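Dear colleague,

I am handing over the structure below, and after it you will find a short account of what turned up when I went through it. Please read the account with the structure open beside you.

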Amino acid sequence: MGGDMVFTKKESSDGRVVIIECPQRVRLDVSSGLRALMKEAVEQKKFMIVIDMDKTGFMDSTGLGALVSQIAVTRSNGGDIRLARVKDPIVKLLGITHLNKIFQCFDSVQSAVESYDN
Amino acid sequence: MDRSRFYMLEPDYERSVFEVPSAIRERIVKKLDCLYGAEIAEGAFRELERLMKVHYAHKPPEMIAREKECLPSERFTEKDIILITYGDLIQGDGAHPLEVLADFADRYLKGGINTFHILPFFPYSSDRGFAVIDFEEVDPHLGSWDNIAVLNERYKLMFDGVFNHVSSKSRWFQEFLDGNPEFQDFFITFSTKNSISADHLKLITRPRVSELLTSFSTLTGRKSVWTTFSPDQIDLNFKNPKVLLKMIDILLFYVRKGADILRLDAVTYMWAELGTSCAHLEQTHLITKLFRDILDAVAPDVAIVTETNVTHDENIRYFGNGSDEAQMVYNFALPPLVLHAFQTGSAAHLTKWAAALEHISDGATYFNFLDSHDGIGVSPIKNILTGEEIDMMALRVLEQGGFISYKDNGDGTVSPYELNVTWYSAINNEESDESDDFQIQRFIASRSIAMVMMGVPGIYLPSLFGSKNDADAVLEKGETRSINRRTYRKEHLYRRLDDRNRPAYKVSRRLGKMILTRIGEKAFHPNADQRVLDLSDTAFALIRTSEDTKEKILAITSIGNGVQDVKVEAREIKGEREITFRDILSGRVFASSAGALSLTLEPYDVLWLKWSG
């Protein structure tokens with residue numbers, strides 16, 4: 001798997017929030033990686049997740065499916081999935097699918113992480 | 001050809017002309033009076049009477065004779081199962097989609113499904129047929145009226161009466177734009193988009209988030225028109241009696257073209273009155289009842305079904321008093337409640353709601369669908385589930401790969417209106433490790449609930465073979481409803497349906513068996529008694545008793561993914577003696593002991609236990 005296709009997962013400094021950084025393209029060949037990382041976070045009882053989409057310029061339906069794959073379980077456990085640094089093509093996609101009404105989007109990863117303090 | 005089912009192409013004016021029975025005349029005039037006032041009502045009735053006379057003159061004597069024998073209580077029976085489909089869901093080379101549909105039906109549905117709801121098959125400009133350009137033509141891409149007639153020789157047909165609105169590309173709307181005085185009152189117009197006050201706007205029930213008024217350039221300047229659903233769907237102005245008469249003319253035309261059931265689409269919004277919610281107003285009910293009066297007079301075997309995606313209480317108001325409005329009402333609360341039961345593993349809400357369902361009358365019943373071309377509406381259960389429960393149900397649908405459509409609440413907020421997902425995907429997660437067989441069993445279990453409940457069951461064609469989400473189509477078409485509107489190549493679909501190892505084969509055969517079993521049971525007649533039992537939180541159960549009380553079926557559906565024991569108490573089955581029950585789906589036999597019946601249910605087990613009363 002090339003570097004531009006890898007998801008990276010880290011935690012906020014206080015360890016409460018899981019931050020997943022997405023690659024340039026999130027499509028069929030890689031979206032299972034995102035799905036797996038989110039599932040892993042939930043299994044570790046980490047229900048506050050931030051998806052950093054700074055690099056992401058393309059996403060297909062499998063990528064969108066992965067983004068929402070843990071939305072009910074995180075919210076029912078007091079957490080959420082929040083997006084940071086979302087680029088225009090993805091904003092458009094979220095609009096078409098009405099997922100813009102589900103996801104809170106933030107300009108920076110830090111503000112997305114801090115939003116869980118409120 | 002059964003001549004008693006088909007209208008003559010030309011009217012026969014040699015016969016004596018139809019006379020409107022005085023009781024019906026009185027009912028019609030009274031309604032017209034309420035809608036338009038006495039003076040206009042008189043003229044409107046004269047035109048209506050003419051339309052009815054013309055319609056009646058198209059009836060062959062065999063039809064008139066047959067109609068005299070028809071019993072309202074037998075309009076719908078256990079043999080009725082409605083297949084909901086677009087005309088072009090299955091496509092093949094060298095044949096119109098309606099011909100392909102007939103071929104599919106002959107090959108896979110014969111002897112089972114007896115009624116087709118072919119979604120709007122008219123020329124249209126958007127909303128997959130629900131923005132009708134010409135009400136009286138068949139979309140040439142689908143076929144012709146001849147193709148409709150061929151289907152009608154073998155099946156009962158349900159036509160859409162998309163009477164709330166027309167396409168912005170229709171001739172009627174073009175005449176309006178062109179300044180034709182005849183069409184100036186055909187639509188609800190305002191001088192500007194801001195003509196409706198914020199207070200009034202807030203009151204108006206909106207099924208969409210689009211703007212209520214859409215501005216158009218006309219010969220006489222800019223005008224804003226009422227568009228409940230989209231800028232391309234222009235609401236008709238039923239305050240203009242000419243609009244009502246035109247739609248009645250079309251309604252009777254559909255009957256002559258073979259409609260056995262008329263589905264009144266979006267009837268909720270048919271009458272708009274500023275200062276009100278503009279939804280299911282009294283005038284809307286009056287118009288629906290007027291349609292019923294007219295059909296009672298000249299086409300008494302044709303039924304009206306209302307499509308009103310509103311709360312359950314408001315929905316069933318379209319039954320009127322049980323004999324003066326719709327003969328069938330979409331049971332809109334059923335799909336989200338069944339979905340909720342399977343999502344949560346708790347049948348509590350479903351059981352409580354079903355136990356309270358009333359038998360409306362021997363001439364009116366529920367349309368028990370789980371899925372259709374639209375999504376799973378959640379408005380109908382807003383007084384049954386809490387807001388939090390509905391929100392969580394919607395989020396679970398997202399997790400299953402579905403989407404949510406929203407409606408405008410009028411106060412700057414939006415809330416879920418419907419869940420866009422195929423039924424198979426709604427209750428089965430494609431990413432799970434479960435086997436196909438296990439997921440198929442869960443799917444069949446969910447479908448069994450609609451099959452056994454009081455009413456007429458409906459199935460959306462893609463569910464016949466367990467269709468999954470088409471999320472790519474959503475992105476391609478920019479429309480979340482596309483997730484459940486995939487079209488199929490005939491050859492490919494037939495291969496899947498004929499291959500014993502494919503899930504499509506397994507789903508279709510198991511559903512087919514369920515359908516064939518159902519249609520042979522008097523206890524599943526819509527008028528057969530229904531008693532819902534509360535056996536367990538993880539099972540849905542009811543007893544149906546045939547009208548002659550001789551046959552009973554205890555239908556139990558496990559909605560849990562584990563094995564469970566349930567006990568049916570003696571008082572429920574009046575089991576003073578030992579009773580032998582036969583599962584009419586599997587042939588298994590069970591016996592009660594000491595009056596009660598103890599059963600072990602496998603995950604998503606379905607039992608239809610029959611015994612003699």
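Across the interface of chain A and chain B of this predicted model, the rule finds 5 residue pairs in polar contact, with both residues of each pair at pLDDT 80 or more. On the side of chain A that touches chain B, at least two residues each are supplied by α2 (61-67), α3 (71-76) and α4 (88-96) of chain A, and α3(A) gives the most, with 5 residues. Sorted by class, that side of chain A has 9 nonpolar, 6 polar and 4 charged residues.

As for the interface as a whole, 19 residues of chain A are in contact with 18 residues of chain B, and the two chains bury about 1500 Å² between them, with 73% of that area on carbon and sulfur atoms. The rule finds 1 salt bridge across this interface, in which A:Arg35 is paired with B:Glu431 and the closest N and O atoms are 3.9 Å apart.

Leaving aside residues up to four places away in sequence, B:Phe116 touches, among others, B:Leu83, B:Leu101, B:Tyr155 and B:Met158.

With best regards

Note on methods. Residues numbered from 1 in each chain as written. Chains lettered and ligands numbered in written order. Predicted model: local features only at pLDDT ≥ 70, side-chain atom pairs only at ≥ 80, totals over all residues. Heavy atoms only, no water. Contact = heavy atoms within 4.5 Å. Buried area = accessible area lost by both parts, 1.4 Å probe. Salt bridge = Lys/Arg side-chain N within 4 Å of Asp/Glu carboxyl O. Polar contact = N/O pair within 3.5 Å; in protein donor to acceptor, adjacent residues only side chain to side chain. Helix = DSSP H or I, 4+ residues; strand = E, 2+ residues; numbered from the N terminus. Nonpolar A, V, L, I, M, F, W, Y, C, P; charged D, E, K, R; others polar.
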